[in-house]
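Hi everyone, thanks for making time.

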Amino acid sequence: MDVEIWDDAQAFSFDGGSTGVLVVHGFSGCTQSTLPLGQSLAEAGYTVEGPRLPGHGTTVEDMSTKTWQEWTGEAEKALKGLLSRCDKVFITGLSMGGTITLYLGERYADKVAGLIPINAIATKLNPLMPLTPVVKYVLKTIPGVGSDIKDPDSKESCYEKVPVPAAAELYQLIKLTQRALSKITAPMLVFTSRDDHVVPPKNGPYILEHVSSTDKELVWLENSYHVVTLDYDKDEVFKRCREFIQRLS
């Protein structure tokens with residue numbers, strides 16, 4: 001059955017030069033949170049793809065039926081499209097989008113030019129997370145984790161509740177990605193908010209320690225919460241992303 005997609009949750013695509021960038025949004029949010037980053041990269045002349053992950057920007061009920069393979073599959077489809085028409089391709093993503101950045105970086109280690117995970121989840125998230133595969137049978141939803149933004153004038157389009165089956169899928173994706181981090185060899189720019197109420201900041205250093213990349217940097221963000229692409233530090237993040245991509249392409 002077709003579901004209606006929110007106006008601000010549509011996939012985005014910008015044609016540009018021979019360098020491509022895949023931009024992946026986060027869990028329970030949508031492309032509204034990553035569009036400003038995508039626009040900034042497009043203005044710099046890059047070809048940009050921002051897919052909408054299945055079950056996002058529709059309804060909580062729709063999201064509860066989706067699997068992590070569907071989320072990574074949609075991102076991978078966009079990545080393959082970029083690889084087919086660009087000389088160099090970079091991947092960036094926010095939150096679970098950062099996890100998918102790492103997941104694809106593991107599987108396309110010889111094909112991607114660089115990875116930019118932003119407040120990505122690669123190890124610990126919530127101490128109750130390991131219970132979700134069991135809890136999903138008795139509990140349908142839990143309170144949402146979206147719109148963790150320091151700037152009071154900014155708001156994320158996201159679900160107010162999170163379907164527990166989807167949280168269980170996210171847990172599986174995190175475990176799988178964590179185990180294969182050493183397969184990543186591409187240059188990396190890792191952004192981590194020091195004050196993040198969704199993803200523990202220790203994920204940033206953990207990623208840096210466990211990948212095999214030799215060209216890697218961790219940037220601490222001091223004035224933003226989790227959704228940094230809509231927060232006070234966004235311009236600094238966009239600038240550093242453009243510089244990183246320009247240096248490597």
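Before we look at the packing, one definition: a crossing is right-handed if the near helix is turned clockwise from the far one by less than a right angle, and left-handed if anticlockwise. Keep in mind that this is a predicted model.

With that, here are α3 and α4, and their crossing is right-handed. The axes lie 10 Å apart, and the packing angle is about 65°. Roughly perpendicular starts at 65 degrees, so that is how α3 runs relative to α4. Which residues make the contact? From α3 we have Trp-68, Trp-71, Thr-72, Ala-75, Glu-76 and Leu-79, and they meet Met-96, Ile-100, Tyr-103 and Leu-104 of α4.

Now on to the rings. A pair of aromatic rings is described by the distance of the centres and the angle of the planes. The count here is five aromatic pairs. One of them is Phe-12 with Phe-14: the centres are 5.9 Å apart and the planes meet at 40°, so we call this pair tilted. Phe-12 is buried, at 8% relative accessibility, while Phe-14 is partly exposed at 25%.

Another pair takes us back to the helices. Trp-68 and Tyr-103 are edge-to-face, with 5.8 Å between centres and 75° between planes. Trp-68 belongs to α3 and Tyr-103 to α4, so this pair ties together parts 35 residues apart in sequence. Both Trp-68 and Tyr-103 are buried.

Finally, charges over rings. Arg-107 has its charged end over the ring of Tyr-103, 3.8 Å from the centre. Elsewhere, Arg-194 lies over the face of Trp-220, 4.3 Å from the ring centre.

Terms used:
Residues numbered from 1 in each chain as written. Predicted model: local features only at pLDDT ≥ 70, side-chain atom pairs only at ≥ 80, totals over all residues. Heavy atoms only, no water. Phe/Tyr/Trp six-rings, centres within 6.5 Å; stacked < 30°, edge-to-face > 60°. Buried < 20%, exposed > 50% of the residue type's maximum accessible area, 1.4 Å probe, protein only. Helix = DSSP H or I, 4+ residues; strand = E, 2+ residues; numbered from the N terminus. Lys NZ or Arg CZ within 6 Å of the ring centre and 35° of its normal. Axes fitted to C-alpha atoms, helices over the stretch in contact; angles between N-to-C directions. Parallel < 35°, antiparallel > 145°, perpendicular 65-115°, else oblique. Contact = heavy atoms within 4.5 Å.
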